[in-house]
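Keep the coordinates open while you go through them.

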There are 2 protein chains.
Amino acid sequence: MEPIILVEVFALFLLAKLAGEVFERLRQPPVIGELLVGVIIANTFIFDLLHLKENMEYFELLAELGVMVLLFTVGLETRLSDLSTVGRVATQVAVLGVVVPFGLGAACMLFLGEATEVALFIGAAMVATSVGITARVLADLRVTGAIESRVILGAAVIDDVLGMMVLTVVSGMAGAEHSLVDTAVVISIAVAFVLATMYLGGRIVRRLAGDGHRKVDGVRIPVAGKDRLGALRQRNAPFVVALVICFGLSAVAQYMGLAAIIGAFVAGMAFAEVREKHALREKMDPVNDLLVPFFFVHIGLMVNLGAFWPVLGLALVITVLAVVGKVVGCGLGALSLGRRGATTVGIGMMPRGEVGIIVAMVGLSLNTIPDEMFSVVVFMSIVTTLLAPPLLVWSIRRGGATGPAVTGRT
Amino acid sequence: MEPIILVEVFALFLLAKLAGEVFERLRQPPVIGELLVGVIIANTFIFDLLHLKENMEYFELLAELGVMVLLFTVGLETRLSDLSTVGRVATQVAVLGVVVPFGLGAACMLFLGEATEVALFIGAAMVATSVGITARVLADLRVTGAIESRVILGAAVIDDVLGMMVLTVVSGMAGAEHSLVDTAVVISIAVAFVLATMYLGGRIVRRLAGDGHRKVDGVRIPVAGKDRLGALRQRNAPFVVALVICFGLSAVAQYMGLAAIIGAFVAGMAFAEVREKHALREKMDPVNDLLVPFFFVHIGLMVNLGAFWPVLGLALVITVLAVVGKVVGCGLGALSLGRRGATTVGIGMMPRGEVGIIVAMVGLSLNTIPDEMFSVVVFMSIVTTLLAPPLLVWSIRRGGATGPAVTGRT
């Protein structure tokens, strides 16, 4: 290993964290700062100065590990048991918020004469939702208790699962040989894998952790069994087991022709039910703090501004469709909250953040979408994420969060 | 990045953790299990099966990051302010425990006709102490309150600092051009760097964290200042700053011709004074759990058993000298505790664990020591670590922990 690599690790990590800090202070998502650091490095003399070209593969590994732990952590927040309680409005919001942007994005690309796979990947990237920044704005405005807020946060959970299913289908299609039967087989296996790990994974993990249920006269009562995860001797054993499963399912997903992150996400979902019991979030956070910046900087490094300017027009079109798709799609799903409430929900679901980029990244690594399309998605993700907070503030101030309880800061 | 790499990450991590679990259950240090996994993989068909040869460089990076966070964490346990309180006996134990094994190891290698640098590195590897396993045996036997136990744990802290200084000098010599003046300059700069960061680093970090002191009539009274680390906006900001400094000082140390881990260690020491305030240990633990196994497996991967058998005789000699060196050296330092107490201290200081291997690893990466010498040090480290617990139990049972308070399990 060249000595320069440690300098590169230090420089990328330092710059990412500095940019994150600046964006936090501007009340913007730090992720965008990290992305921009990558874009700036890639398109200036700093890239050559750090000899990054020669050592890019090392950062590919760190970035890959970073996005795996990130998606595992997102999965950890996604409980199947929550999905049944978020209610009908949230489900409508999530489903329409997936269908409309996907349709708009894919139709636009087909209309422009792009290949089917490219159209599907761009559609899939427009499906993603990253409500982290929305949640923060809602907390700042002290409206987390409003019905609109709860619908947004509930729909975001379903959206994650639906988005992952869309990515499974799309990447399965891209990975398969092009016969229709092959594609159908690949997709069926992939979807079965994802559904099975989602459904069985959580049950197995709960059983291993001793959080069982027993039916007595048709009523489920909790039974405290032996906590086999906690009974392991090594330090932080449940966390270690979670990492093993995360790496294992990622490798399996990859060998099925899917994105590794799909495996990481379903692994996270499997452990969602025991996340408090074994303090998994608290243990994942430092690992995320260390590795995730390498992912976002690496994404930024792949944005070639020279190749981007010619597609700026397309990027603007896609961005408008991304905004319209979510505001109209999610808004329609939430019409029962009134027009102003529905607008709030639509705007709240708008930011694509990291999730859209991750989908485009998968397309890039499967050689399905070209470099400049990747840059288009990064642009769309950044702009939708930056636009959401001011629009959300405007919508809520005009009475778009009129739900029952308006509670204090949570 | 090849898809196989995720499989390798999964396989190495899983096997390391399984071996760690087995060794925990055998009441042996898990580190040895992780090392043996590496040795077994490297010397069987599994190496080819996993295509590790082609992708070794990726694991070099993970291993390097692993040993950096490990040494940072060791540094975090090493407080300059503790050093002044461990007392005269512990200081004697540490100093003699450094001088005698170093002398024996270096003399033996010179006697066998090895080059000076090789002799110095082997000596430096024999200086190391890793009292983790000792601390656990003491806790199991409920003698952590005995004077012998406190001397061991105190001496181990000083030993870490002295060992790092020895490594600084030795690796400075290996890195320098061979003129005497050059060497003297390199070593002086290196030692000055280490001493300055040890001394100033802690003060700067304390000041940044708002834990200041003021002298009033010659008496130091604590002054609570502004916690600039805690005032940063990003999540886990003090932990993030600690990582930045860890990477930064590692890169600096490397560019001075020293081992990167020396920088990581002094960075850890700088943050030792605020480790409770910002829960740095709790945040480093998951990062260690993830990365450190890659270091030990990687070490094991570099042990070529075919090349090792011819030097088995030498390995046994070095191991005997390593045992004798610590038992006699540390024992002499602790003679005031009586012969049985001194024996307990000597045995307790015997395990080299990971630290000896890390030193040899530095020698290997500086191209100073040959492969088979590296295997010799790994053998010595494993054997001294495995021998210590039974010998310690024997020594304490025969009355070698007769100090004042014999407290309960801590």
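A polar contact is a pair of N or O atoms within 3.5 Å; within protein, one atom must be able to donate a hydrogen and the other to accept it. Please keep in mind that this is a predicted model.

**Exercise 1.** Find how many residue pairs are in polar contact between chain A and chain B.

*Solution.* Begin with the contacts in general: 48 residues of chain A touch 48 residues of chain B. Next, apply the polar rule with both residues at pLDDT 80 or more, and the count is 12 residue pairs. Then turn to charges: the interface holds 4 salt bridges. One of them joins the side chains of A:R235 and B:D289, at 2.8 Å from N to O.

**Exercise 2.** Work out which helix gives the largest share of the side of chain A that touches chain B.

*Solution.* List the elements of chain A that supply at least two residues each: α1 (4–25), α4 (52–76), α11 (237–255) and α13 (280–301). Of these, α1(A) gives the largest share, with 12 residues.

**Exercise 3.** State how much area chain A and chain B bury between them.

*Solution.* The total is about 4700 Å², and 70% of it lies on carbon and sulfur atoms. Within chain A's part, A:L6, A:L61 and A:R233 supply 14%, more than any other three residues.

Key:
Residues are numbered from 1 along each chain as its sequence is written. Chains are lettered from A and ligands numbered from 1 in the order in which they are written. Side-chain values use heavy atoms; hydrogens and water are left out. Contact means heavy atoms within 4.5 Å. Buried area is the accessible area (1.4 Å probe) that two parts lose on being put together, summed over both. A polar contact is a pair of N or O atoms within 3.5 Å; within protein, one must be able to donate a hydrogen and the other to accept it, and residues adjacent in sequence count only if both atoms are side-chain atoms. Helices (H or I, at least four residues) and strands (E, at least two) are DSSP runs, numbered from the N terminus.
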